[in-house]
Amino acid sequence: SQDPAFRQALDLTKQQVINTNDDFITVFARNYNEISNGSPLAYIFNNQTLREKVSPNSSNEEVIRVLREETESTIASSYNVLRNRIDRFGVTQPNIQRLDNGGRILVELPGVKEPERVRKLLQGTASLEFWATYDNSQIYPVLENANAIIAQLNQASEQIAEVEAEEETVAEESSELIDQIADDAANTDSEAFAKAYPLFSKLSPLTDQTGNLMAGPIVGYAMSYDTAAVNAYLAIPQVKALFPRDLKLMWGVKAIDEAETIFELYAIKANTRDGKAPLDGSVVVEAREEYSQYSSNAEVSMVMNATGSRTWARLTADNIGQCIAIALDGYVYSAPRVNQEITGGRSSITGDFTIQEATDLANVLKSGKLPAPARIIQDTVVGPSLGQESIDASMISFLLAFVLVLLYMIFFYNTAGMVASVALICNVFFLFGVLASFGAVLTLPGIAGIVLTLGMAVDANVIIYERVKEELRAGKGLSLAISEGYKNAMSAIIDSNLTTIITGVVLFFFGTGPVQGFATTLIVGILTSLFTAIFITRVLFTTRLEKNKKIRFSNKATENFLANTNINFINIRKVSYIIASVLVLASVASLATRGMDFGVDFTGGRTFTVRFDKEVTADEVRSALNDVFMSDEVEGDMSQRSVDVKQFGSANQMKIVTQYKYDDQSDDATAIVEELLYTALNPIYAEPITLEEFTSTVTNPNGIVSADMVGPSVASDITRNAFIAVFIALIAIFCYILLRFKKWQWSFGSTVALAHDAFVTIGIFSLLHGVLPFNLTVDQAFIAAILTIIGYSINDKVVIFDRIREYITLYPKRDMKETINSAVNATLARTINTSGTTFVTLLAIFIFGGEVIRGFVFALMLGVIIGTLSSIFIATPIAYDLIRKNQNK
């Protein structure tokens, strides 16, 4: 619809929907109602497409319901079309899934070596159209008149500029020489031609060697960098008024020269009634790639259904001696001349294709037309060299962490440690088996989730073993001690792991991509570790007991580790409060003054990791980029052209962040940015590389090794979801603790401590970013780290709370302070052991896991330390003070 209120509401909605939770239809309906002064939506949507569903008397609610149904149907159809295209693309284990928010579809394609080919495959709507055409001789006179009008408009604007220049002061006399040089340049033949023939200086007419117009639908050709200027000239209202009403101009899809810089412009004869093509791709029932009989180029052969065959026969019969243009998604692929009527519904699309291009085009046609245009709003590419390095680093850190945990358990718990190690090995097999059965794609954060699971997997064993040691010290026999240890540890194990699962579930539902991968491995790892720690270890112990084999739960060095501590933690709580307050205030001050190093996940933009063939400095790279991005030749908003450069890992690797064209949804936006990067950075290389080598590290290790683009709508959603996820995690844990421990004071104490843990970790990131020799960027992975810290920290607090609850039941008349101190001291060995094994595994990832994940792991390491301390010095004392205050009332 061209209704002004409709167009205005549509444009306004596109801006507003970025920063709201409401869906597009809701925001549009609200805007249209305000702009049209209450005009019913049926006035717009009682059209040819929706006439059977929307009547002139339909209420706004009824129209909105129909729009939602149509939208849902469109998204579902788009998903099926994209899935069919991906299935035919030939990628091993592709992952395509609908996301719940805003009609988004996630596509993950491991092993793809040509990202640009994938982008074209996903974004092509497959709107195949067959058009009658005008002849060059019919349109050239119109273009001549258009050129004259454009020249007059340019002359008028120049006269205005001259008048304004004359009004300036004579203070620029020192620049007379420069002005004279510019005047001389304007008098050259090329400048004079451009002034007299502005349109034809950009769009060259199609003539033969004698200067006569050539027959056919091509009305001119232009350089790639001039096509935008030609489009702008032809869109001038005075120029458009000259054209026949049914004229539509389309560019050819492929350049006609080897340098791929010259494109042809076709004159299409459109239907004046509805502007639709007389024949479209809906009639194509079969498409396949094959080699042409008349050249070495590939082509696409099509077969049409009965309706299409009849229309195709009539269309060719009406245009014998003329050309019919075959266009896909608004670009002309070929325009063969019709020599005779074509019956049978068979035809071919030619266009100087490679066999790969013909294959992709045939796949798109076979999959069907997308019912709505698909736009890439987030795009992440990891090159094979960086991907392999990450895999290698992850495997090293995984194996090292695994071995360290095994050795730690065997050293500390002797024979029982060996049993725990067997359970841990089984846990790894179960974990990978479950992930494989899900068809999960293993990402780098996913591997980190597995390694973190290893550190947390022994927690259940540690809780059980410490309880068994207590029973043995109480004089009970081995068999009874093991039985009592498992029984008494069960509630603490269940509660602590369930709270971690809660945060994992929140992560899964509010995260996307890598964050969901991390959440998946974390949840599955907790469940498998529960099974192995409780069931498999018990079976192994029972078997050894039946065979009268000895089982030792310690050695001389660890037998009484922290067994007889008697620290009065409650008495030092005021010192704890002061230290915690200082840390919070320091975090507030740092956030207010230094802020955070927000990644493109939150700000929107493009991130490139670029590798050079020599060591470079960030200043050197930044200077080269600014020379290009800030130049007058680069179009676009100046505020988006700033470039941030940081060293990423070794001195020959830089991370480059820019917001240039991040909100541009055109198909070639990414290619334009990559070409600018190449222009700026190619001179820095010791050995110059081609643009193709720079943008794809398939054949060489240097160039763009990873790229990430996040559009403004995605960045807004990620920011909003991050706050929601943290808030929901805290509320969910508050409710669970309240349900299990029956007193709000325990929930409040733990929630305050968790908020403290998260906020101080954020504050340290703010304080240290730019200081430490690795990136502390705040992105989706950082939010995953914060939620994991919350899950891990509550795990520790629940174990202490569980022991306090047990002691209150056993010693109801004992003073609360003594009960809490005894419980904290009794669980101290478990607290140190679990935190120790988790910290060791994280340290292994931090050192050997690679630069990509270092900031993420650093946050987790901080969380383990801060969370462990807050369990003892913040959560428990706060709960004690609140309970005591309530009792004194």
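Helices (H or I, at least four residues) and strands (E, at least two) are DSSP runs, numbered from the N terminus. Some notes on the structure follow.

1. This is a predicted model, so to speak of local features a pLDDT of at least 70 is needed, side-chain atom pairs count only at pLDDT 80 or more, and totals for chains, interfaces and linings use all residues. Residues are numbered from 1 along each chain as its sequence is written, and side-chain values use heavy atoms, with hydrogens and water left out.

2. A word on confidence. pLDDT is the predictor's confidence in each residue, from 0 to 100. The protein chain has a mean pLDDT of 81, with 88% of its residues at 70 or more.

3. Take care with residues 169–188, where pLDDT stays under 50. The model has three contacts for them beyond four places in sequence (contact means heavy atoms within 4.5 Å). Where pLDDT is low, the predicted coordinates should not be read in detail.

4. Now the salt bridges (a side-chain nitrogen of Lys or Arg within 4 Å of a carboxyl oxygen of Asp or Glu). The structure holds 24 of them. One is Arg65 with Glu69, whose closest N and O atoms are 3.2 Å apart. The two sit four residues apart in helix 4 (residues 60–89), so about one helical turn separates them.

5. For burial, the cut-offs are: buried under 20% relative accessible area, exposed over 50%, partly exposed in between (1.4 Å probe, protein chains only). Lys202 pairs with Asp226 in a salt bridge, closest N and O atoms 3.6 Å apart. This pair links distant parts of the chain, 24 residues apart: Lys202 is in the loop between helix 8 (189–196) and strand 4 (218–223), Asp226 in the loop between strand 4 and helix 9 (227–234). Lys202 is partly exposed at 28%, while Asp226 is buried at 10%.

6. Have a look at helix 14 (residues 444–473) too: Arg467 and Glu470 lie there three residues apart, about one turn of the helix. Their side chains meet in a salt bridge (3.9 Å, N to O). Arg467 is buried, at 5% relative accessibility, and Glu470 is partly exposed, at 21%.
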